[in-house]
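Subject: Structure handed over, with notes

Hello,

Please find the structure below, with the sequence. My notes on what was found in it follow.

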Amino acid sequence: MIFTGKVWKFGDNIDTDAIIPARYLNTSDPVQLAAHCMEDADPDFVKKMKSGDIILGGENFGCGSSREHAPIAIKASGISCVVAKSFARIFYRNAFNMGLPIFESKELADAIAEGKEITIDSTRGIITVEGSDQQFAISPIPPFMEQLIADGGLMKHIAKK
Amino acid sequence: MGNTITEKILMAHAGLSEISAGQLINARVDIALGNDITAPIAIREFRAAGGQKVFDRDKVALVLDHFTPNKDISSAQQCKTVREFAAEHGITHFYEGGQVGVEHALLPEQGIVLPGDLVIGADSHTCTYGALGAFATGVGSTDLAAAMLTGELWFKVPSSIKFVVYGKMPKWVSGKDLILNIIGRIGVDGALYQAMEFTGETILNLPMADRLSMANMAIEAGAKNGIFAPDAITEEYVKPRARRPYKFYASDADAVYSQVIEIDAGKLEPQVAFPHLPSNVKGISQAGNVKIDQSLIGSCTNGRIEDLRIAAGILKNRKASSGVRLIVVPATPFIYRQALQEGLLEIFLNADAVISPPSCGACLGGHLGILAEGERSIATTNRNFVGRMGHPKSEVYLASPAVAAASAVLGRIASPEEL
């Protein structure tokens, strides 16, 4: 798959309370959750971002709670995918299970500024930056996880089995 | 080459005769847990996948503990969804109303989770049950849906970090201080994807309540699970509660660890995690003059009877400082009743405390103790992220019940030694 979009940068240890504060967890409606996406990290985020944009995080993105509302809020906001130096493990699992594309790159976050447009070619495992010759490799995804994505998430994978 | 306790439990549940870190396995689940926030999504996924019946009605636990007593109409709707699902499937371990407690205090107390179990929960603090010598890990709602449907789930076998703790813990130092100190040392991703195995002479004598507090916070270092080898203390805790067989596992002497970290508990003082990460830890002597607006004693980390006894010991014949809202949350109805019978509630009331029903509400900024802009709370909970307990510009300081009680009396972050 190919994703092209403008990046919004966030730092290390972006926790699930920052992605979707617990005060909004009295619903699991994707549209309502999306309205508060990243609110406690950047209150204006949903006003500024456009559909197809990309979140670029640092280390340990999505740490904290197991709430699947976090990847749901991101996906429903229109963000196409998340790139980070590393992901917290429950967030990583949840993203694959519910179908939010996520990619690991140790270098990208430090190499580019917010607002840059990038293209992620998940098949070739390469990220390119608009107006630059720079290329960044995506950390490979385990074959099992690739299968999960190909099947359309965990529940569809199970149904197939 | 030997195996760790974590590997052995996973191996047994995957039906394998060997296993190694990094391997992807499919394993049988003994208990699958959800709450009023995470279960509704799992139920939606379960139904969307055509689920007709849960794999085993005795092995699913549904606990309405987060936004309960129902805080608003939306929360009430979520609870209703779970309640109806529990009735439809005849879920044995369904808890609400006057029977509900904070899930990670309730499940061990009721003997629902046992040593040697493989437990998954759609709640990150599911790792608490590692205190009993179970493999327990937090997952998302879709994982819970899959486990409720099939009784199995996929796992990546984690490597293990071994913590060897020695020395006698000084007065006022508890399991909470030990785990805060460890998270301060290794960071919030210091054990990312790994198991944290707690061993050493200090651990051998550590009471179950302290072990539960420690395992509870393994996730705050990014760990998949925290685990203690079961022993005589485990047996004493589990035996009167268990209604099915359980098994003690132990790591082999030649088990492989990614890291071994030694800690001298004799040198510790009470610890405080400053905003906004659980790893931002200082010794109480370095805390400085931090005035507080609220002191919260409770949660799945520190809402057990042992925690309430420590707090009551400090609060007896004292009062919360004027301007400090002291909130005490007995974690389960059983603990609530114990506290009543032991006279602890009388002490809390005399100290001007608010006694909350068992609920996760205040810890995660849901209800029953929200902070306004600029306010500070000391809390015996497990997270102090931005906005965790209320306004994005409020602050949470994590500490033990002893420090939270002393701070309530003095109106600032303080050691019990100062009283």
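The model is predicted, and every value below is computed from it.

Chain B overall

Chain B contains 14 helices and 18 strands. Its radius of gyration is 20 Å, close to the 22 Å that the globule rule gives for 419 residues, so chain B is as compact as a globular protein of that length. Along the principal axes, its C-alpha atoms fill a box of roughly 60 × 50 × 40 Å. Buried residues make up 62% of the 419 in chain B.

The domain assignment divides chain B into domain 1 (5–263) and domain 2 (273–418). Their C-alpha centres are 24 Å apart. Domain 1 of chain B puts 35 residues into the contact between them, and domain 2 of chain B puts in 32 residues. On the domain 1 side, the elements that give two or more residues are helix H4 (103–109), helix H6 (175–186) and helix H8 (208–216) of chain B. Of these, H6(B) gives the most, with six residues. By residue class, that side of domain 1 has 14 nonpolar, 14 polar and seven charged residues.

Strand E17 of chain B

Strand E17 (residues 376–379) of chain B is covered on both faces. Arg376(B) and Ile378(B) are buried on one side, and Ser377(B) and Ala379(B) are buried on the other. What does E17(B) pair with over four bridges? That partner is strand E18 (residues 395–398) of chain B, in the parallel sense, and Ala379(B) has Leu398(B) of E18(B) as its bridge partner. Strand E14 (residues 294–297) of chain B is also joined to E17(B), by three bridges, and these two strands run parallel. In that pair, Ser295(B) is bridged to Ile378(B) of E17(B).

Where chain B meets chain A

The contact between the chains involves 42 residues of chain B and 35 residues of chain A. Helix H2 (39–48), helix H3 (73–89) and helix H5 (141–150) of chain B each supply at least two residues of the side that touches chain A. H5(B) gives the most to that side, with seven residues. The residues on this side of chain B divide into 20 nonpolar, 14 polar and eight charged.

A buried helix in chain A

How many residues of helix H5 (residues 89–98) of chain A are buried? The count is 10 of the 10 residues, so H5(A) is largely enclosed by the rest of the structure. The buried residues of H5(A) include Arg89(A) and Arg93(A) as well as Ile90(A), Phe91(A) and Phe96(A). After H5(A) comes Gly99(A), with a positive phi near 90°.

Backbone geometry to look at

Most residues other than glycine have a negative phi, and most peptide bonds are trans. The places listed here depart from that pattern.

In chain A, Asn13(A) has a positive phi near 55°. Asn13(A) lies in the loop between strand E1 (2–9) and helix H1 (16–19) of chain A. The cut-off for a buried residue is 20 or more other C-beta atoms within 10 Å of its own. Asn13(A) has 23 C-beta neighbours inside 10 Å, so it counts as buried. Met38(A), also in chain A, has a positive phi of about 65° and lies in the loop between helix H2 (30–34) and helix H3 (45–48) of that chain. Met38(A) is buried too, because 25 other C-beta atoms lie within 10 Å.

In chain B, the peptide bond from Thr68(B) to Pro69(B) is cis, with omega near -15°. Pro69(B) is in the loop between strand E3 (60–63) and H3 of chain B, and H3(B) is one of the helices named above on the side that touches chain A. The bond from Pro275(B) to His276(B) is also cis, with omega near -5°.

Regards

Notes. Residues are numbered from 1 along each chain as its sequence is written. Chains are lettered from A and ligands numbered from 1 in the order in which they are written. This is a predicted model: local features need pLDDT of at least 70, side-chain atom pairs count only at pLDDT 80 or more; totals for chains, interfaces and linings use all residues. Two residues are in contact if their C-beta atoms, placed from the backbone, lie within 7 Å. Ala, Val, Leu, Ile, Met, Phe, Trp, Tyr, Cys and Pro count as nonpolar, Asp, Glu, Lys and Arg as charged, and the others, Gly among them, as polar. The radius of gyration is taken over C-alpha atoms; the globule rule is 2.2 Å times the number of residues to the power 0.38. A residue is buried if 20 or more other C-beta atoms lie within 10 Å of its own, exposed if 12 or fewer, and partly exposed in between; C-beta atoms are placed from the backbone. Domain bounds come from an automatic or database domain assignment. Two strands pair if DSSP finds at least two bridges between them.
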